[in-house]
Amino acid sequence: MGKIVRKTNSSTGGPVFVDVDVDENKIVRVYPMDLADDDPASWVVEARGRQFSPPRKTTYTAYTAGYKAMVHSKRRLLYPLKRIGFDPNGERNELKRGEPAAGGDPNYPGYERISWDEALDIVSSEMIRIKREFGPGAIVAEPSSHHLWGNVGYRHSTLFRFMNFAGITYADHNPDSWEGWHWGAIHSWGFTGGLGNPEQWDLFEDTMKNSTMIVFWSSDPETNAGIYSAYESTVRRRWMKELGIKMVFIDPYFNHSAVLYSDKWFSPRIGTDAALAAAIIHVWLTEGLYDKEYVAERVFGFDEFKAYILGEEDGEPKTPEWGENETGIPAHDIRALAREWAKNKTQLAAGGLGGWGGACRGPSGMEWTRMMVALAALQGLGKPGINMYSTTQGSPTDYDFYFPGYAEGGISGDCDNSAAGLELVYRMFGGEGSRPSPSNLNVSAGQFIPRLRIPETFLEGSIEWRGKGFVGASIEQQFMKYKYPADGFPKIQMLYKYGGPHIGTMGDTNRYALQYRTKELPIAVFQAIWFEGETPFGDIILPACTNFERWDISEFANCAGYIPGSFTQSNHRLITLQQKCIEPLGESKSDYEIFRLLSQRLGIEGPFTEGKDELGWVKQLFDATDLPKITTWDRFLEKGYAVVPDNKIRPRNVAFRWFAEGRAIDTPKPGRFRPGDQVRQSGMQTQSGKIELLSQSLQRFEKSIGEKDETRPPLTQYIRPWQGYHYEDKGKYPLAVLSPHPRFSFHTMGDGKDAFMNDIKDHRVRVDGHDYWIIRINTQDAAERGIKEGDLVRAFNDRGDVILAAQITERVPPGTCHSYESSAEYQPLGTPGASPDRGGCINILSTKKFIGKHTSGMATEHFLVQVEKWEGGKH
Amino acid sequence: MTQQRYMVIDVSLCHDCNNCFIACKDEHVMNKWLPYADEQPRHGHRWMNIQRKERGQYPRIDCAFLPMPCQHCENAPCVKDFPDCVVKRDDGVVLIDPVKSKGNKAIVDSCPHGAIYWNDEEEIPQKCTFCAHLLDDGWSVPRCAHSCPTGAIRFYTLEKDAFDSLKAEQKLEAYRDETGRSPHVYYKNLYRYEKSFIAGGLLKGGDCAEGVKVSLKGDAAAPEQTTNFFGDFKFDALEPGTYTIVADGKDVKTVTIDASLNVGSIEI
C-alpha cells in the first residue's frame, strides 16, 4: 500500500470522505463524514420538554458505501469501442445490434478497441454529415436520471452546455417520480413549482411539537431516503416515536420503515388506495369528523365531492363496507383508522418526500394523489400538527443561505430546460466574460421527443403527445400538444445515449431493445461508464469516468428545481468539494473532457469551455453562491467541505400555515407561486384560490377539447384500476406486482457492475454463479405454484418474460407480489427484445400506457403477471 | 486487565440497510491489512452476515434482522482447536493469522456460528477482525458500527467489569451460547429474532374494541395489556407452548404455538 490521503466526494447517497492510495491510483475506503469540532454548531429543537439535536455526522446508503467497487470494476469501459459490423462509410448492420459478433474484445464481446481519435472523428463527422444532409433537430441526446452527482457534471449542466452549443436536441424526461402529483394533484392545488408536491418547510418542528399521529401512505422513507438524503431523517423519526407519536403504514408491502416503526399496517389491494381514502372520508362525513369551518372557507367543490362519497350521484355510498370490497381491508379497521385519524393531530405522509414516489407512479396515481389532498384538506391542512408531511424534509437548517441544486443548470444556464432562471443564471454568468447556453432546439417551438416514446420515434416514425418534459411553468402547460417530427424538422438520425440504462427503468421495456434493431436509426453513440444495460447496443462507445475521477461541487441532498428546499432533508447543510480522488481509469475521460474534444472538432470549443477546465467552472460556481460568506476558496479547497451555520433568527413559517390562516404565502421563495400564478396574491394557484376537489382546470380542459376525460374526471374520485385487482385480464395474469423505487441501488446505480451490492441478500440472489433479481411472493401463492425460497421463477405477461429468484414472504398478502424496478443488467436468453431476460429488468412487464389518456406520464409502479417455477429454458 | 473490545447489536433497531455489510467489504476487499487480515474476496464472504426473520402471518407480522459477525468468544473453539493459527488478543479480539492458517480449512468448520469463511484463491480461513488494524490506528469503532445509521451497532472499549454492568443494565444477551463460549458480541432485544408472539384484534359489535384489558395464561403468563385503537394486542417473547387469551376477564381463545401466530379478529 502506498501513501494514503483523505479526499471528499459525494453521490446521490450522501457526501463522503474518501481515503485514496495516491501511489496506486486506487480508492482505499469510502465512509461517512464526522463533523469536526470547529464546524458550526448543530440546530436544537425543543419539544414536549426535551431538546433534540442531530448527530454530528453524515449518513450514507449501501450503494454509496460500495462505490469503490463500481469505480474499480471489471465492467468499466476503459477504452473507446466500435461495434464489429458497424462501418460508418459502408454497411452498418443496424439489425445486428445487441447480438455480439464473434472475434471481438474479450472484455467487451462484439466490440473492437479503437483510439480516441478514431472514435471522436467518427462521432463528429457523423454529426456534421447529419446536419448537412438532414438539417437541424436530427440528433437527439438521451440521458438517464441520476447518472452522477455534482452541479458541474450533472446532465442539466455539462451535457446541456454541449448539447445546446452543438445543436443537439433532447429526449425529454417525464416527471418520472412525481407523475400522479403532477398530472393529478396540480389540478387540486397548483404547486407547479414542485410539480404538484406539497411544500414541507419547517414541518419537522411542527410535528415534534404538535402531532400525535402520522399516517404513512405509500411512503417508505427508510428505503427511498426522501431522495438523496441517505438516513438523515432516520434519527428524527426515532425521536417522533420516542415522543409517542403513533405511526400507521398503508402500503401493499410491509416496507422497511414499517419494520422499524409501524403500530399498524394495511395492505390495500394494489391500485385501490383511492377507494380506501374514499371510505375513510365517508366515515368523516357521516360522523361529522372533519373541519367544517376550514372546508367551508378553503375548499372548492365540496358539495359535489360529498354527494359522490355519499353515493348520491351513482347510488353507491363509499362506506367502509364498500371500501372493504374494493381494497380487501376490513370495514371495522377502516372505521377505526378514520376515527383515530380525526381524533389526533395527524400528519399525512403521502409519498416518501412530501408527495413523490410510490403509488403516484402507478396506473391509479392521479386518483390517489387527488384523494390524498382531499384527506388533508378535510382535516385542516396547515393547522398546527396537521399537514401533509413525509418526515424526510423540513429539517430546521438555514433556509436563507443560497447554494444551488443540480437542477439549477450549473454551467449551462439553460433557463428553458433547467431551473437556472430562478436564481443561479444571474449569479453565475456576467454576460461579458461568461455566457449561458440557451437551446434553440429543445424549446416548445423546436423538435424534441419524450423519453417514454423513444422506441416509437424509430419504430413507428411519428408520435403525438401532451406535455413537454417536466412542464412546471403553469397548470395548463401539461395540456399542450406536440408531435414528432415537428413541422419543418427532419427525422432523427443519431441517438446519443448518455449515462445509465433505460431498459430497467422505463415501461414495457423490451421496446428499448427493439428501438436499436432498425435501419431507421443509422447510428447509436453511447457515452457510458459501464458495459451494462443497453450499452451493448451502441455502435460507438465512449468510455466516461465516475465523479470520483474528476472535479465537481455539490450540497448534500440538494437538487432544488422541482424539489424546492430538498436540502432540508439533511441534518446539516453540508457542501462538498467533489475532489478528483484518482486519475480516470484506463483511457476513460470525464464527460466534460469528452464534450470538449468533440467541441474542438465541431468548432465550438471556445464557447463551450470559455478556456476553463472543470475546476475553473467549480470556482465560478463557488463564487456564484453564498459560500464566500462562510469560507474562502483556498480554505474550501483545503478542507474539502463547508457546513452552513445554524440560522436562529430566520422566520419559522410552517408550510400551509398561511393558507390555513388565510394569509398571503410567507414560506421560503423556492417552489412558491409566482406572482402571476395567483389571483390578487392570495390563496392557492387554482382558479378559485381554494383547494379544488372539483377541478376547474380540468373542467376547462374538457371544454376545450370537447370531450370527457374518463381517465381524469374533474371531480376527485376513485376509478377502478386498469392494472390491478379488478383488471379484466386478471384471470390470465392473477398476480399484481408492486414495483417501487429500489432500496439498495439508486435506479441502476449500485446494481450490477460486479459491485458489492450484488451480494446483499435482499437485493440479488446467486444461483449457479448468476445473480438474479428478486420477486417477493406470498407464502400461499408460492405454495400453490410449488415455489420455494430461492427458486428461480419466470414472471410473465403479454409484454415479456423475466427470470427472477423467489423470496417467500408474509410481507405481501396473497395475490400481491413485490419486485423493485431498476435492474442495471439486461441479459436476454435469446433474441434481444423478444426473449426472457435473466438480468432482472422487471420493467419489461410494466405498461407503456400513459397514466392518463391526455398525459405523458409513466404508470409502471404496478402491473399484472403470472409466475411459475423456472426449469431453465423448458417453457 | 487491558480494556476489552465489545460489540452490542440492538435487533429492534436493525432494518437491514446493509451499510455494515457493505462497509465491511469496502474495508477488506481490495485491501490487504497484514498481519491482521488478507484481502476479502470480492464476492461470497459475509463477515457481517445479516440474517432475516419474519414472524407472524399477514397482516399481523413483524420482521427482525440479526447482524452476525464473528462473536470474538472468550472460549473460542477456533482458538482452542488451532492455537497456532488463531489468537485471542489481550483486548479480546480474535484474529486468524493469514500466513499460519494457509491451507487449514478445518478452521472454518470449528465455528459453531459459521462466521469463518474460506478464501478459495488464497486458501485461507477469514472472518471479522473488529477492524483491529483501524482500532490499533486510533479509530474508536470498526467500519460496520461507523456506518450504521440507526445506532443498532455500537462498539465499546471498556474494562470487563464496566461492560458487565452495561450488560445487566441493558439486558444484553449472547446469541445461542449454551456452552459458555462467552462472546464479545452481545445483542439487545434478541427476542425479536429468537422468540415468538401471539397477536390479534378484538371486536365488539363489529367495531374494533379499544381499551380492553387482555392477558395471557397457560405455559407462561404475560403482563396484562390494553388493546389499542384497532383493538390490537400482541404478547411477545414467548416460548413454544399452549396459551389462553383472556379478554375482559373471560377466556376467549386457546392456542398452541411453535412459532409466532396471528390469531386474527376475535369478537368479544
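Visitor: Which residue of chain A meets the side chain of Lys25(B) in a salt bridge?
Guide: This is a predicted model, and the values here are computed from it. Side chains of opposite charge can pair when their charged atoms come close. The rule asks for a Lys or Arg nitrogen within 4 Å of a carboxyl oxygen of Asp or Glu. For Lys25(B) the N to O distance is 3.2 Å, and the partner is Asp759(A).

Visitor: How many salt bridges does the rule find across the interface of chain B and chain A?
Guide: Over all chains, the count by this rule comes to 90. Polar contacts across the interface of chain B and chain A, with both residues at pLDDT 80 or more, come to 33 residue pairs. For salt bridges across this interface, the number is 8.

Visitor: What area do chain B and chain A bury between them?
Guide: The size of an interface is often given as the accessible area lost when the parts come together. Here 61 residues of chain A are in contact with 56 residues of chain B. Carbon and sulfur atoms carry 54% of the buried area, and the total is about 4800 Å².

Visitor: Which residues in chain B lose the most area to chain A?
Guide: Chain B and chain A bury about 4800 Å² between them. Three residues of chain B together make up 15% of what that side buries. They are His15(B), Tyr58(B) and Phe229(B).

Visitor: Why are Lys209(A) and Glu205(A) separated by about one helical turn?
Guide: The side chains of these two residues, Lys209(A) and Glu205(A), meet in a salt bridge with an N to O distance of 2.7 Å. Both belong to helix 6 of chain A, residues 203-210. They are separated by about one turn because their spacing in that helix is 4 residues.

Visitor: Which residues lie closest to the centre of the second largest pocket?
Guide: This pocket has a volume of about 840 Å³. Its lining has 32 residues, and they divide into 13 nonpolar, 8 polar and 11 charged. Elements of both chains each supply at least two lining residues, among them helix 8 (234-242) of chain A and strand 14 (232-238) of chain B. The residues closest to the centre are Lys241(A), Tyr261(A), Ser262(A), Asp263(A) and Lys234(B).

Visitor: Which helix gives the largest share of the lining of the largest cavity?
Guide: The largest cavity holds about 240 Å³ of space. Its lining is made of 25 residues, by class 12 nonpolar, 11 polar and 2 charged. The largest share, 3 residues, comes from helix 7 of chain A.

Visitor: What is the phi of Asn25(A)?
Guide: Asn25(A) is in a loop of chain A, between strand 2 (14-21) and strand 3 (26-31). Its phi is positive although the residue is not glycine. The value is near 55°.

Methods: Residues numbered from 1 in each chain as written. Chains lettered and ligands numbered in written order. Predicted model: local features only at pLDDT ≥ 70, side-chain atom pairs only at ≥ 80, totals over all residues. Heavy atoms only, no water. 1 Å grid on protein atoms, 1.4 Å probe; cavity = no way out; pocket = protein on both sides within 12 Å on 5 of 7 lines; lining within 4 Å. Points joined across faces, edges and corners; volume = space filled by probe spheres on them. Nonpolar A, V, L, I, M, F, W, Y, C, P; charged D, E, K, R; others polar. Contact = heavy atoms within 4.5 Å. Buried area = accessible area lost by both parts, 1.4 Å probe. Polar contact = N/O pair within 3.5 Å; in protein donor to acceptor, adjacent residues only side chain to side chain.
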